Amino acid sequence: MGPIPVAIPALSNFGLTHLGTTGHAMADPPQPESAAMPIDATSPYDDSNIFARILRGEIPCSKVYEDEQALAFHDINPQAPTHILVIPKGAYVSWDDFSERASETEIAGFVRAIGRIARDQGLVAPGYRLLANVGQNSGQEVPHLHVHIFGGRGLGPMLAR
Ligand code: AMP
């Protein structure tokens, strides 16, 4: 599947837009998707998901980085001082779907983008963590592949015990 068409101008930094400087009430910022039900990673891609809508420029995001293969933005509900989501521009449900169907160009571009974003954020020396949830047991909420980049403090044990 090819890349989802992206309306570049709409991918502005909503953090700045929404906070503004005037103190006037502005449109509600996008809310995190409901944490109710983890997705089924074996389902076909559903292009109504929130990250597909961000890629199409239908809703804003707090953009960190963008190139031909990847878009990165701040997580709306950060779990660490740095919490960035990196998504491929192609329509892939999860890491499983991406690793099976994506082209070498898409995979190389996506992996390099993640590394570059972490370097640009100054995360290599202090250290950081990557996380990609896949399906039910992981609690994946959004059915478009996303890799979390966490950093900015000691991140504790790898998994909750
Ligand atoms: P996961 O549980 O791995 O599917 O992670 C989904 C992540 O997406 C969560 O950390 C949410 O806080 C985040 N999220 C949901 N909606 C948005 C949004 N509109 N902008 C930024 N992050 C979002």
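Just after α4, Gly 122 takes a positive phi of about 75 degrees. The structure is a predicted model, in which local features need pLDDT of at least 70 and side-chain atom pairs count only at pLDDT 80 or more, while totals for chains, interfaces and linings use all residues. Residues are numbered from 1 along each chain as its sequence is written.

The protein contains 4 helices and 5 strands, where helices (H or I, at least four residues) and strands (E, at least two) are DSSP runs numbered from the N terminus. The order of elements from the N terminus is α-α-β-β-β-α-α-β-β. Of the 161 residues, 28% count as buried; a residue is buried if 20 or more other C-beta atoms lie within 10 Å of its own, exposed if 12 or fewer, and partly exposed in between, with C-beta atoms placed from the backbone. Among contacts with a separation of 6 or more, 71% are between residues 24 or more positions apart, a contact being a pair of residues whose C-beta atoms, placed from the backbone, lie within 7 Å.

The 17 residues of α4 should span 24 Å at 1.5 Å a residue, and this agrees with the 24 Å between its end C-alpha atoms; the expected span is 1.5 Å times one less than the number of residues. Buried positions in α4 are Glu 106, Phe 110, Ala 113, Ile 117 and Ala 118. These residues lie on the same side of α4, because they cover an arc of only 125 degrees around the axis, taken over the directions from the helix axis to the C-beta atoms. On the other side of α4, Glu 104, Thr 105, Ala 108 and Arg 119 are exposed. The cover over the buried residues of α4 includes β1 (63-66), β2, β3, β4 and β5.

Beyond its neighbours within four places in sequence, Ala 72 contacts residues including Ile 84, Val 86, Ala 113 and Ile 117.

Leu 123 is located in the loop between α4 (104-120) and β4 (128-131). This residue counts as partly exposed because it has 18 C-beta neighbours inside 10 Å. Outside four places in sequence, Leu 123 is in contact with Thr 82, Ala 118, Tyr 128 and Gly 151. The C-alpha atoms of Leu 123 and Gly 152, 29 residues apart along the chain, are separated by 7.4 Å.

Notes. Two residues are in contact if their C-beta atoms, placed from the backbone, lie within 7 Å.
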